[in-house]
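Q: Please give me a close look at one part of this model. I would like to follow a single spot and then see what lies around it.

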Amino acid sequence: MMWEEQFATLSAVAARQSGLITEAQAGRLGIDKPALLHFAESALLVELDWAVYQLAWSATGPRYAPSGNSPA
């Protein structure tokens, strides 16, 4: 699967979850860790916490990230 197809699949699933997706969910879609890193490096995804990603344009604020790195 090409990058574009992978990201279209990933974003369709994440969109149903307020823009959030886990690495495990992506893996079940056939999208591996290197692809997720590629999307993050391309500013399409933001890694919120270990193995938790958010679509860059998601309306969900970073306060929902469990990492504690959210703004006060």
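A: Start with a term. A residue counts as buried under 20% relative accessible area and as exposed over 50%; in between, the residue is called partly exposed. Glu47 has a relative accessible area of 40%, so Glu47 is partly exposed. Keep in mind that this is a predicted model. Glu47 is our spot.

What does Glu47 pair with? Glu47 forms a salt bridge with Lys33, and the closest N and O atoms are 4.0 Å apart. This pair joins distant parts of the chain: Lys33 sits in helix 3, Glu47 in strand 2, and 14 residues separate them. Lys33 is also partly exposed, at 30% relative accessible area. In general, side chains of opposite charge can pair when their charged atoms come close.

Lys33 has a second salt bridge, with Glu23. Here the closest N and O atoms are 3.3 Å apart. This link also ties distant parts of the chain, from Lys33 in helix 3 to Glu23 in helix 2 (residues 23–28), 10 residues apart. Glu23 has a relative accessibility of 28%, so Glu23 counts as partly exposed too. Across the whole structure, a search finds two salt bridges.

Now step back to the fold. There are three helices and three strands in the chain. Follow the sequence and the pattern reads α-β-α-α-β-β.

Three strands form an open sheet in the order 1-3-2, with antiparallel pairing. Strand 1 (20–22) and strand 2 (45–49) each have a single partner strand, so they stand at the edges and one side of each has no neighbour in the sheet. On average, neighbouring strands are turned by 35° against each other, direction ignored. Helix 3 (residues 33–41) packs on this sheet. Helix 3 touches strand 2 and strand 3, and its direction makes about 110° with that of strand 2.

Which residues face each other across the strands? Strand 2 and strand 3 pair in the antiparallel sense over four bridges. Glu47, our spot, stands opposite Tyr53 in strand 3. Leu45 stands opposite Leu55 in strand 3. These two strands form a hairpin, with two residues between them. Ala51 lies in the turn and has a positive phi of about 70°. On the other pairing, strand 1 and strand 3 (residues 52–55) are antiparallel over three bridges. There, Leu20 stands opposite Gln54 in strand 3. As a rule, side chains in a regular strand alternate between the two faces of the sheet.

Now turn to the nonpolar core. The largest nonpolar core has 13 residues. Phe7, Leu10, Ile21, Ile31, Leu36, Phe39 and Leu45 touch the most other members. Helix 1 (3–15), helix 3 and strand 3 each supply at least two residues of this core. Helix 1 gives the most, with four residues. In soluble globular proteins, nonpolar side chains tend to be buried together.

Finish with the whole chain. Of its 72 residues, 33% count as buried. The chain exposes about 4500 Å², and carbon and sulfur atoms supply 58% of that area. Take the contacts between residues at least 6 apart in sequence: 44% of them join residues at least 24 apart.

Back to our spot. Glu47 stands opposite Tyr53 and forms a salt bridge with Lys33.

Conventions: Residues numbered from 1 in each chain as written. Predicted model: local features only at pLDDT ≥ 70, side-chain atom pairs only at ≥ 80, totals over all residues. Heavy atoms only, no water. Pairing = 2+ DSSP bridges. Axes fitted to C-alpha atoms, helices over the stretch in contact; angles between N-to-C directions. Contact = heavy atoms within 4.5 Å. Core = buried A, V, L, I, M, F, W, Y, C linked by side-chain atoms within 4.5 Å. Buried < 20%, exposed > 50% of the residue type's maximum accessible area, 1.4 Å probe, protein only. Areas by Shrake-Rupley, 256 points an atom, 1.4 Å probe, with all protein chains shown as cover. Salt bridge = Lys/Arg side-chain N within 4 Å of Asp/Glu carboxyl O.
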